[in-house]
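Me: I'd like to go through this one with you, one piece at a time. Could you have a look?

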Amino acid sequence: MYLHLGQNVMIRNQDIIGIFDLDNTTWSFRTRRFLERAEREGRVFTVGDDLPRSFVLTGRGGAGPDIYITALSSAALSARTERGSFE
């Protein structure tokens, strides 16, 4: 199954490591440092131009996990993965 992140971007459910709310997770210094490092390494992909609400951490055994920042809420993304939805 695939998870639609918006703007015609889809990722395989089996590649998802975690779905995180940006408001809750970016309070942590470690999370901010992790995201900044991933951005410097070119592993952060922004989906759409709207206000970002969550990020999806994916991994396929490469140099490190890829991060997709999306305007969809973490609750909506989690529900889609549970339903196996293509919405």
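Me: Which strand does serine 54 lie in?
Reply: Serine 54 lies in β5, residues 54-58, where strands (E, at least two residues) and helices (H or I, at least four) are DSSP runs numbered from the N terminus. This is a predicted model, in which local features need pLDDT of at least 70 and side-chain atom pairs count only at pLDDT 80 or more, while totals for chains, interfaces and linings use all residues. Residues are numbered from 1 along each chain as its sequence is written, and side-chain values use heavy atoms, with hydrogens and water left out.

Me: Is serine 54 buried or exposed?
Reply: Serine 54 is buried, its relative accessible area being 0%; buried means under 20%, exposed over 50% and partly exposed in between, with a 1.4 Å probe and protein chains only.

Me: And what does its side chain reach?
Reply: The side chain of serine 54 reaches the backbone oxygen of leucine 72 at 2.5 Å.

Me: Switching to α2, which of its residues are buried?
Reply: Thr31, Leu35 and Ala38 are buried in α2. Viewed down the helix axis, the buried residues fall within an arc of 65° (taken from the directions from the axis to the C-beta atoms), so they line one face of α2.

Me: What do they pack against?
Reply: The buried residues of α2 pack against α1 (22-25), β4 (44-47), β5 and β6 (66-70), contact meaning heavy atoms within 4.5 Å.

Me: Which residues are exposed on the other side?
Reply: On the other side of α2, Phe29, Arg30 and Arg40 are exposed.

Me: What follows the helix?
Reply: Glycine 42 follows α2, and its phi is positive, near 75°.

How values were computed
A polar contact is a pair of N or O atoms within 3.5 Å; within protein, one must be able to donate a hydrogen and the other to accept it, and residues adjacent in sequence count only if both atoms are side-chain atoms.
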